[in-house]
Amino acid sequence: MASSPSTGTDVRTGLDADALRRDILQSLYFCTARFPEVATKNDWYLAVAYAVRDRLLQRWLATAQTYYGHQSRTVCYLSAEFLLGPHLGNAVLNMGFEPALREALGSLGKDYDEICAAEEEPGLGNGGLGRLAACFMESLATLDIPAIGYGIRYEFGIFDQELHDGVQVEITDAWLRLGNPWEIARPEIAFDIGFGGTVEHVVGTNGELNVVWKPERFVRAIAYDTPIIGHDTHTASLLRLWKAEGLSNFDFQSFNAGDYVGAVMERVVSENVTKVLYPNDETAEGKRLRLQQQYFFVSASLKDMLRLQRQKSPDAEGFERKFVVQLNDTHPSIGVAELMRLLVDEQDWGWDRAWKVTKSTFAYTNHTLLPEALEKWPVALFQSLLPRHLEIIYELNRRFLDEVRESHPGDDDLLRRVSLIDEAGTRAVRMAHLATLGSFSVNGVAALHSDLLAKHVLADFHRLRPGLLRNVTNGVTPRRFLALCNPGLAALLTEVVGEGWLKDMSRLKGLEAVATDKEFQKRWRAVKLDRKERLARVVLECTGVDVDPAAMMDVQVKRIHEYKRQHLNLLHVLWLYLRLKNDLSADASPRTVLLAGKAAPGYRAAKLIIRLASCVADLVNRDPAMKGRLRVVFFPNFNVKNGMFIYPAADLSEQISTAGKEASGTGNMKLAMNGALTMGTLDGANVEIRDHVGEENFFLFGHDVDGIAKLRSSGWSPNQVLEQDPELRAVLELITSRALSHHDPELFRPIVSELVERDQYFLLADFRSYVEAQSEAGRIYDRTEEWTRRSILSTARMGFFSSDRSIADYARTVWQVEPVRVALPNAAIAP
């Protein structure tokens with residue numbers, strides 16, 4: 001039986017096992033109101049989390065106090081998503097007391113890994129965009145750069161994914177149901193955010209025209225704060241998320257009159273703003289809610305910055321010197337119009353003065369080359385929800401187009417292309433144009449992506465404002481995606497290159513010296529096998545599929561989208577299946593193909609690809625002839641937590657998007673850091689990964705950007721390939737056969753018809769090249785020592801892709817900010 005907690009002095013900051021044990025018990029008693037004999041797994045998790053949080057809060061408060069006195073320029077990172085992943089393990093790793101915590105829990109009869117596994121993943125993001133934001137917040141703290149992340153505290157995050165007969169079913173992600181020990185509610189930090197209403201233009205007593213926006217209704221934004229600790233530093237950054245509430249949560253008069261629903265209606269309608277991450281925007285109401293969400297968190301965040309500014313200054317003078325605001329994609333781009341409104345309407349600044357400050361405050365990161373992902377909101381929707389902002393956008397557009405007319409007289413087509421208002425069809429506000437016009441810097445997230453932005457998507461702005469566009473290639477944190485998910489490999493790396501590589505990934509170059517050492521290779525393979533065995537256990541538990549850890553683990557894990565071409569992967573699987581069926585002696589390395597990812601609820605084609613993957617898995621795995629040769633798994637509910645099982649176990653990383661479609665990708669980086677070799681096209685960050693790891697350690701296939709452009713311009717027809725490739729025809733026939741589609745040959749007809757009639761993502765054009773590259777990968781995998789050598793070199797040469805390097809690039813080339821070191825106070829903190 002664990003003893004009762006000590007009643008002596010409790011500073012709650014000690015890092016030795018005895019102090020941690022004491023504080024865990026105190027948290028169990030005084031925070032969860034439980035004693036050990038009846039405590040549940042979640043009770044123990046909460047007790048540990050609160051004890052760890054105390055150490056974290058000590059650093060967070062020291063950071064806040066340091067910044068308050070230093071008045072440093074602060075990076076404000078605005079993002080609609082922060083896909084954080086579980087907090088506990090990462091915080092303990094970064095603060096450096098995992099061994100002591102393991103010992104403390106062991107003395108209480110508890111296992112540290114089981115406690116970590118009990119944590120619910122925060123459902124605050126969807127994919128790469130949100131995970132990048134989370135990596136950046138951790139790297140900002142690691143590099144001691146003053147920063148605040150601003151976003152939305154979604155009550156229900158990205159859905160949990162279940163498969164019912166191969167069909168994706170979206171389940172509510174109630175991630176807050178058991179509590180969130182990492183956040184601090186700040187009800188006194190609240191702002192009323194207006195929507196709708198009218199705009200009045202009145203002449204003031206001074207004879208000047210004043211604009212007054214009278215919103216129809218308000219929603220209150222309440223701050224919830226989460227500290228994000230850096231690695232091997234005392235700096236903890238602030239992540240501030242906004243929750244929506246009604247100004248009046250209960251109408252007593254309506255209740256007394258018997259209108260019980262009406263009594264709480266304002267609360268219900270207001271709270272809907274932060275209810276769900278990315279509501280389906282196929283409907284008009286869905287679009288309305290999405291725009292409400294974006295304005296809600298951006299307005300609250302800018303008002304919060306002005307509040308912080310007033311702590312040291314009576315007005316907004318110097319705002320752009322105190323804050324630099326990074327827009328993570330177009331979701332927060334309404335901030336350009338909102339800052340203008342706050343400065344012009346509420347601070348009584350002149351237009352030119354306000355515009356100068358606005359343009360000096362914002363920087364914009366573009367994350368896509370897909371036209372449909374460059375947000376545009378109907379003018380009518382803007383007029384209904386944000387009438388004053390529409391006026392501001394019109395005025396910005398008028399002034400901007402006047403400048404363009406002056407510099408490029410007679411070029412009406414240029415005016416049409418760069419206008420903030422798209423006049424074709426339903427008039428709409430171009431949010432990427434607004435972000436570009438209102439920012440002093442615009443960047444892409446991979447060298448190829450930035451080049452394509454300059455040549456195509458933002459070519460006109462690049463020509464009008466030379467020097468505006470730049471590149472900052474994405475990165476991922478090695479703390480979570482190498483050290484935390486692959487501790488055996490982390491220990492092996494430290495043994496070879498010494499301490500410090502988690503903050504200086506260039507040190508991993510030292511691995512090259514042992515890449516051919518046979519004893520080191522054996523240890524490398526042992527670490528990989530351990531992670532593959534762990535993944536095999538999880539796969540069996542989640543899917544019922546028994547996979548062989550010795551087989552090649554061929555992995556494609558990412559959001560399901562046609563341009564990411566998961567169905568190209570499946571075409572190869574079926575090609576391999578038919579080859580093995582026709583010739584069981586065929587030379588093919590045993591392989592497990594694992595796919596994972598979620599499809600947007602309204603994206604029918606992506607959901608059909610998931611069903612195809614499930615049917616392919618069922619066909620292959622039921623065939624006794626495939627035992628020991630080929631297995632296929634669709635791993636459900638891909639998220640950070642599940643990704644941490646997959647990344648360290650992968651042998652082959654599938655990065656097979658159509659060239660010119662992927663902005664960067666970050667899964668490619670996580671997998672390569674853990675020693676996976678990449679099968680990929682020259683798309684996104686693949687280009688730079690191949691440059692860094694070496695051509696021989698990257699299985700290249702398919703058309704490049706120029707090749708795709710030539711196919712388009714030459715009138716590409718899929719029949720050109722089908723006529724010459726009977727094996728490909730056989731694969732497509734199998735997809736529409738009763739053997740694969742549960743006796744419904746029409747089930748996958750939409751996929752096959754798209755490929756045969758259009759093939760807009762050029763799967764058939766790249767198929768044969770892909771099959772040949774896959775065959776080469778299989779041959780190399782059979783040469784165990786050669787594969788191991790390449791795997792070691794992949795990890796050794798991935799240092800460039802740390803998010804620390806990305807943040808250092810932003811700090812130097814975009815934000816112009818300097819690190820500020822934080823020291824912990826020597827005196828003990830009173831209880």
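**Close-up views of a predicted model**

**View A. Helix α5 in the lining of the second largest pocket.** Helix α5 contributes 5 residues to the lining of the second largest pocket, the largest share. The structure shown is a predicted model. Helix α5 spans residues 112-117 and is one of the helices that each supply at least two residues of this lining. The others are α3 (88-95), α4 (98-107), α20 (478-484), α21 (487-497), α22 (518-543) and α25 (640-646).

**View B. Centre and composition of the second largest pocket.** The second largest pocket holds about 960 Å³ of space. Its lining is made up of 33 residues. Nearest the centre of the pocket lie E98, A483, L484, C485 and P487. Sorted by class, the lining comprises 15 nonpolar, 12 charged and 6 polar residues.

**View C. Packing of helices α10 and α12.** Helix α10, residues 284-310, packs with helix α12, residues 335-346, at an angle of about 45 degrees. The axes of the two helices are 10 Å apart.

**View D. Residues in the contact of α10 with α12.** On the α10 side, the contact is made by Y295, V298, S299, L302, K303 and L306. Helix α12 takes part through G335, E338, L339, R341 and L342. Taken together, the residues of this contact divide into 6 nonpolar, 3 charged and 2 polar.

Terms used: Residues are numbered from 1 along each chain as its sequence is written. This is a predicted model: local features need pLDDT of at least 70, side-chain atom pairs count only at pLDDT 80 or more; totals for chains, interfaces and linings use all residues. Side-chain values use heavy atoms; hydrogens and water are left out. Axes are lines fitted to C-alpha atoms, for helices over the stretch in contact, and angles run from 0 to 180 degrees between N-to-C directions. Helices (H or I, at least four residues) and strands (E, at least two) are DSSP runs, numbered from the N terminus. Contact means heavy atoms within 4.5 Å. Ala, Val, Leu, Ile, Met, Phe, Trp, Tyr, Cys and Pro count as nonpolar, Asp, Glu, Lys and Arg as charged, and the others, Gly among them, as polar. On a 1 Å grid over the protein atoms alone, a cavity is a set of points where a 1.4 Å probe fits but cannot get out, and a pocket is an open set with protein on both sides within 12 Å along at least five of seven lines; lining residues have an atom within 4 Å of a point. Grid points are joined across faces, edges and corners, and a volume is the space filled by probe spheres set on the points.
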